[in-house]
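Me: Please walk me through the sheet and the pocket of this model. Keep it short.

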Amino acid sequence: MRRLFPFIFLLLPVIVRGQSLVAFADSVRQQYKIPALAVAVVSSDSVLACHTMGVRRIDTDLSVKPGDHFHIGSNTKAITAFIAAMLVKEKKIQWNTTFLTLFPELRWRTRYVYDTVTLANLLTFRGRVQGYTYNTPTPAFRDLHGDYASQRKQLAANFLTQEPMKPDANGLTPSNVDYIMAGLMLEKASGKSYKELVADLGKQLDIDFRFDYPNLKDTTQPWGHDDKLQPLGPLENYKMNWLLAAGNINVSLEQYIHFIQLQLKGLKGKTDILPKKTFEQLLYGMPAFSYGWFNVTDKETGHHIATNEGNAGAFITKVQIIREADRAYIIFINAAAEATQEGIAVLLDELRQRYGR
């Protein structure tokens, strides 16, 4: 019997379904050693759930509060694509505008294959430039000069001299440089910096978008935690400033809901900010990856799911928008350990079981 006891213990469910969502989510947070977790479920016209729990920094009693900001990493891309759609609507740029049309001074050193790369190509991961992430070692900060705007242009120019990436099975060439280039195009077409464009969108949608990790400007905000669950102090990261339009926005869950709910409204034609067909284009218009969103079709339900994950190494943000179910799920976490991903998968599965797939 003593030998059987450990085995029987392992069979006991650690996380019990049937709990309230708050209790279930917090049990996931604790089991997977997640410092802070924020979760929301929305439809086009309702907020069905919105909860925050845990601590802003591990091994402290600094409780996370509603309104606290989390870094959303690559979910920034959907915001960049949305800004692009608004500039297209205003006729300041077109989807088929090529990068070199706006930056002809770079043509002399650009490989021929990039001559026809358009804004749409870049926003849908079809720009063919080589990959670049927060962990790519070159170029280093000392290799570029001037302010961050100048450095982003130099970085793009450097990648345009390199041979193109080979497309994957879906025809994609995923690279953050695509979004660096797209951001440069939006700045040139609008005459505004990317941060100004984001601020304009924020005013229109009543969202306080910010940049960098939240604790850089305010150490009382949530801290990010690395893959070893070590808290990261408030240090400026030059790569995040290079990848501004690709993945460097932070926002509160409560206000990010406004942006995600807008997508659901748009898919139903319930907003005049952009046409319904534009929302469909942004989320589902291209196979595998559309404008800032990966998309898949649920094999069991046939529902179309737009999804993305932001992970700059210290926060993880997971978002799913399910068109036919009129549902969206948002999970914010201030850690990027391997177990964190497991916890997100468990929680997301539970949300889909409770609220619709």
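Me: In what order do the six strands of the open sheet run?
Reply: This is a predicted model, with local features needing pLDDT of at least 70, side-chain atom pairs pLDDT 80 or more, and totals for chains, interfaces and linings using all residues. Residues are numbered from 1 along each chain as its sequence is written, and side-chain values use heavy atoms, without hydrogens and water. Strands are DSSP runs of E, at least two residues, and helices runs of H or I, at least four, numbered from the N terminus; two strands pair if DSSP finds at least two bridges between them. The pairing here is antiparallel, and the order is S2-S1-S9-S8-S7-S6.

Me: Which strands are the edge strands?
Reply: An edge strand here pairs on one side only. That gives S2 (47-54) and S6 (294-297).

Me: Which residue in S7 stands opposite Phe 294?
Reply: S6 and S7 (residues 304-311) pair in the antiparallel sense over four bridges. Opposite Phe 294 stands Thr 307.

Me: What angle does helix H11 make with S9?
Reply: H11 (residues 253-267) packs on the sheet, touching S1, S2, S8 and S9 (contact: heavy atoms within 4.5 Å). Axes are lines fitted to C-alpha atoms, for helices over the stretch in contact, and angles run from 0 to 180 degrees between N-to-C directions. The angle between H11 and S9 is about 155°.

Me: Which element gives the most to the lining of the largest pocket?
Reply: A pocket is an open set of points on a 1 Å grid over the protein atoms alone, where a 1.4 Å probe fits, with protein on both sides within 12 Å along at least five of seven lines; lining residues have an atom within 4 Å of a point. Helix H9 (238-242) and S7 each give two or more residues. With four residues, the element giving the most is S7.
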